[in-house]
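Hello,

Here is the structure I promised to pass on to you. Have a look at it first, and then read on for what I found.

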Amino acid sequence: MLATFLAPAILGLSLVGAQAVSAHGFMGWRNASPEEIVSRQQTMFQDQANLLGISVDEVKQAWAEGKSLKELAEEKGLTAEQLQVKMKDLHRQAMKTQLQTLVDKGVITQSQADSRLKIMENQGAKRKGHMGMGFGFGLGF
């Protein structure tokens with residue numbers, strides 16, 4: 001269940017950028033297969049493109065140039081505040097989708113999902129001003 005709630009982070013959800021190989025393996029994906037690494041990276045590029053309303057190729061180029069998501073957003077006319085709002089909205093929707101999947105599969109009840117969503121939103125509000133979940137290494141703040 002923990003992995004389900006961490007999926008947004010894996011999908012991109014890493015504005016604290018992990019550009020270098022770490023002690024935990026390449027981009028923290030020590031036990032990931034090549035196919036998982038490719039899938040995660042493609043998903044991150046797509047999520048970033050959707051977030052900014054641009055093409056995946058533009059995101060890839062910015063990533064290759066070492067631009068942060070903030071820099072890319074600003075190039076596309078979005079302020080840091082607008083980007084933060086978009087990211088929070090996307091993160092909330094991802095949480096709701098994941099919780100609904102758990103309800104649909106009979107893992108938790110709707111009441112438990114509603115309660116958990118409220119807790120997660122409250123925790124996010126306590127970290128006001130912190131971007132929180134990210135959208136990919138190398139494009140972080």
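A definition to begin with: the expected span of a helix is 1.5 Å times one less than its number of residues. Please keep in mind that this is a predicted model.

With that rule, take helix α6, residues 110–126. Its 17 residues should span 24 Å, and because its end C-alpha atoms are 24 Å apart, the two values agree. Which residues of α6 are buried? They are Ala 113, Leu 117 and Met 120. Viewed down the axis of α6, these buried residues fall within an arc of 65°, so they line one face of the helix. On the face of α6 turned away from the buried side you will find the exposed residues Ser 111, Lys 118, Ala 125 and Lys 126.

Helix α2 (residues 34–52) passes the same kind of check: its 19 residues should span 27 Å, and its end C-alpha atoms are 27 Å apart. Buried residues in α2 include Gln 41, Met 44, Phe 45, Leu 51 and Leu 52. Asp 47 of α2 is buried as well. Just after this helix, Gly 53 takes a positive phi of about 70°.

Now for the whole protein. It has 6 helices and 1 strand, in the order α-α-α-α-α-α-β along the sequence. Of its 141 residues, 33% are buried. The protein exposes about 8,400 Å², with carbon and sulfur atoms supplying 54% of that area.

Enjoy exploring it!

Best wishes

Technical notes
Residues are numbered from 1 along each chain as its sequence is written. This is a predicted model: local features need pLDDT of at least 70, side-chain atom pairs count only at pLDDT 80 or more; totals for chains, interfaces and linings use all residues. Side-chain values use heavy atoms; hydrogens and water are left out. Helices (H or I, at least four residues) and strands (E, at least two) are DSSP runs, numbered from the N terminus. Buried means under 20% relative accessible area, exposed over 50%, partly exposed in between (1.4 Å probe, protein chains only). Accessible areas come from the Shrake-Rupley method with a 1.4 Å probe; for residues, only the protein chains shown count as cover. The arc is that of the directions from the helix axis to the C-beta atoms.
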